[in-house]
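Q: I would like to learn how to read a protein model, one feature after another. Can we go through an example together?

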Amino acid sequence: MTIANPSPGFAKNPAKQITVEPYRGTVKVFAGDQQIASSSKALLLTEPPYPAAYYIPFADIDFSRLEKTDHSTHCPYKGDASYWSIPAGGEAAKNAMWGYEQPFDETAEIKDHGAFYPDRVRIVAEPG
């Protein structure tokens, strides 16, 4: 199989472990008392040594409560991340959500999903 958009990180470090699996339950995200997202189709991404992150489909995120920013970061394993702030959360919610709109092939399942920093929002994961 030919990979069209290969990750340079995995090319240099093929032993790197990143797992993406469906979260069995519902994940909700709140900024103060405002619900920003709710999904029963979230993914759980595990990439040691980092904490696991819930990736919520864009379709289950209330983008009317978010504002895309100019901030971006690059991960050699996942690609370029875009960021969104939650205006109602003020400075504490700046760049609170990130997502990979064009991830590398090895992590293609997180395309058009958003993940939130747990220190900038409240994430409630309820097992199903």
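Q: Is Ala125 buried, partly exposed or exposed?
A: This is a predicted model, so each value here is computed from predicted coordinates. A residue counts as buried under 20% relative accessible area and as exposed over 50%, with partly exposed in between. Ala125 has 30% relative accessibility, so Ala125 counts as partly exposed. Ala125 belongs to strand β10.

Q: Which residue 100 places away along the chain has its C-alpha atom 7.1 Å from that of Ala125?
A: That residue is Gly25. Gly25 and Ala125 are 100 residues apart along the chain, and 7.1 Å separates their C-alpha atoms.

Q: How do I read a sheet, and which strands make up the sheet that contains β10?
A: Strands of a sheet pair through backbone hydrogen bonds, either parallel or antiparallel. In this model, β10 is part of an open sheet of three strands in the order β3-β2-β10, with antiparallel pairing. The edge strands are β3 (34-39) and β10 (122-127), each of which pairs on one side only. Direction ignored, neighbouring strands of this sheet are turned by 15° against each other on average.

Q: How many bridges join β2 to β10, and how many join β2 to β3?
A: Strand β2, residues 25-31, is joined to β10 by six bridges. The pairing of β2 with β3 is antiparallel and has five bridges.

Q: Where is His71 found, and is His71 buried, partly exposed or exposed?
A: His71 is found in strand β6. Its relative accessible area is 37%, so His71 is partly exposed. The C-alpha atom of His71 is 9.9 Å from that of Ser85, which is 14 residues away along the chain.

Q: Where is the cis peptide bond between two prolines?
A: The cis bond joins Pro48 and Pro49, with omega at about 10°. Pro49 is in the loop between β4 (43-46) and β5.

Q: How should I think about a nonpolar core, and which residues touch the most other members of the largest one?
A: In soluble globular proteins, nonpolar side chains tend to be buried together. The largest nonpolar core of this model has 18 residues, and Ile36, Ile56, Ile61, Ile86 and Phe116 touch the most other members. The elements that give two or more residues to this core are β2 and β3. With three residues, β2 gives the most.

Q: What is the volume of the largest pocket, and which residues are closest to its centre?
A: The largest pocket has a volume of about 490 Å³. It is lined by 22 residues, and the closest to its centre are Glu47, Tyr50, Pro51, Ala53 and Trp98. Strands β5 (53-57) and β6 (67-75) each supply at least two residues of the lining. The lining divides into 17 nonpolar, two polar and three charged residues.

Methods. Residues numbered from 1 in each chain as written. Predicted model: local features only at pLDDT ≥ 70, side-chain atom pairs only at ≥ 80, totals over all residues. Heavy atoms only, no water. 1 Å grid on protein atoms, 1.4 Å probe; cavity = no way out; pocket = protein on both sides within 12 Å on 5 of 7 lines; lining within 4 Å. Points joined across faces, edges and corners; volume = space filled by probe spheres on them. Helix = DSSP H or I, 4+ residues; strand = E, 2+ residues; numbered from the N terminus. Nonpolar A, V, L, I, M, F, W, Y, C, P; charged D, E, K, R; others polar. Pairing = 2+ DSSP bridges. Axes fitted to C-alpha atoms, helices over the stretch in contact; angles between N-to-C directions. Core = buried A, V, L, I, M, F, W, Y, C linked by side-chain atoms within 4.5 Å. Buried < 20%, exposed > 50% of the residue type's maximum accessible area, 1.4 Å probe, protein only.
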